Amino acid sequence: MKDKNKIYLLIGIAVLVVSIFLFQGLNEVNWNYNLSKRIPRVIAIVITGGTIAFSSMIFQTVTNNRILTPSILGLDSLYMFGQTIVIFLFGSSSIMMTNRKVNFLFSLLVMIIGTMILYKTIFKRGNNIFFLLLVGTVIGTLLKSMTSFMQVLIDPNEFVNLQSKMFANFNNVNTDILMISMIIILIIFAVIYDDIKKLDVMLLGRDNAINLGIDYDKFSKKILLVVSILVAVSTALVGPVTFLGLLVVNLTYQYFKTYKHSLLIVGAMLISIIALLGGQILVERIFNFSSTVSIIINFIGGIYFIYLLLKEARA
């Protein structure tokens, strides 16, 4: 099957899953109310799935490693640290927790500023991406430890409010937040659109990319900044989904036998959207909300990550 036909197949599956999610259980009495609730959730899932897949794909291209995800930069840990310290200092009744638009903007600013500080500090000492990843991992571990320490100290009733931030949540999506997210993502895609073809060259490695006219260091910084903003948007919108990017990007590489990022990115985004929507349908229809889609994705993704490690070890 040709790659374009594979794209069309994924589009068909995505449309089918969206239709099932939107129209299942509707009747003449409840269709208006249910659609008004379901459509924003579908948009949130599409934004989250698309941004995670896109950011993971280009991140793995820059790092030239298929078992790394943007979460290694510590953004998920920084998000939880920001949420925890707000409740620890001001309580769950503060405007930064009760107003979801303020909470979204606060989380977004914290993650972007934190990433910018990390980049400025590391790249002043040289352009070693792997040193950046190492420092990001250490800082992420430190933030997780500090977060756990504060969570032990806060009031149990406050911790209940914090617990909802630990997992991705697609229920009761705020449409105002969706609009802000869509505007940011459209700006990012406009900035990065002309550079998609350069990613094909980046797969050849640093030396070959430089020989073919790519300003490797400058372009790597740009890609890493775009990755950070996209991950910050998706995490601030619904919460962390750690292994989704790893799962969908590697499935995309197995499904498409091509190096062209114009096809790989679209394919990864479609697979990610299908996975999230399918997981949400399972949560609602099979598990009756006794679990969350992020737990299912992380469970499957964790197993797949172990499989990839064992595969690399055998190779």
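User: How are H12 and H13 oriented to each other?

Analyst: Start with the general idea. Two packed helices are described by the angle between their axes and the distance between the axes. Now the case here, in a predicted model. The axes of helix H12 (residues 244–255) and H13 cross at roughly 130 degrees. They come within 9 Å. Angles of 65 to 115 degrees count as roughly perpendicular, and those over 145 as roughly antiparallel. H12 and H13 are therefore oblique to each other. The crossing of H12 past H13 is right-handed.

User: At what angle do H2 and H13 cross?

Analyst: Read this pair by angle and distance again. Helix H2 covers residues 31–63, and helix H13 covers residues 261–286. Their axes cross at roughly 135 degrees and come within 8 Å. H2 and H13 are therefore oblique. H2 passes H13 in a right-handed crossing. By class, their contact has 14 nonpolar residues, seven polar and four charged.

User: Which side chain meets Glu284 in a salt bridge?

Analyst: The idea comes before the case. Side chains of opposite charge can pair when their charged atoms come close. Here, Arg41 is the partner of Glu284, at 1.8 Å from N to O. Arg41 lies in helix H2 and Glu284 in helix H13, so the pair ties together parts 243 residues apart in sequence.

User: How many salt bridges does the structure hold?

Analyst: The structure holds three. The pair of Glu284 and Arg41 is a salt bridge.

User: Which residues form a nonpolar patch on the surface?

Analyst: Look for nonpolar side chains joined within 5 Å. Here the patch is formed by Phe88, Leu89, Phe90, Phe149, Val152 and Leu153. Together they have about 660 Å² of accessible area. Helix H3 (75–90) and helix H6 (129–153) each give two or more residues to the patch. Phe90 lies in helix H3.

Technical notes
Residues are numbered from 1 along each chain as its sequence is written. This is a predicted model: local features need pLDDT of at least 70, side-chain atom pairs count only at pLDDT 80 or more; totals for chains, interfaces and linings use all residues. Side-chain values use heavy atoms; hydrogens and water are left out. Axes are lines fitted to C-alpha atoms, for helices over the stretch in contact, and angles run from 0 to 180 degrees between N-to-C directions. Helices (H or I, at least four residues) and strands (E, at least two) are DSSP runs, numbered from the N terminus. Angles under 35 degrees count as roughly parallel, over 145 as roughly antiparallel, 65 to 115 as roughly perpendicular and the rest as oblique. A crossing is left-handed if the near helix is turned anticlockwise from the far one by less than a right angle, and right-handed if clockwise. Ala, Val, Leu, Ile, Met, Phe, Trp, Tyr, Cys and Pro count as nonpolar, Asp, Glu, Lys and Arg as charged, and the others, Gly among them, as polar. Patches are made of residues with over 30% relative accessible area and no salt bridge: like charges are joined within 9 Å, nonpolar side chains (Val, Leu, Ile, Met, Phe, Trp, Tyr) within 5 Å. Accessible areas come from the Shrake-Rupley method with a 1.4 Å probe; for residues, only the protein chains shown count as cover. A salt bridge is a side-chain nitrogen of Lys or Arg within 4 Å of a carboxyl oxygen of Asp or Glu.
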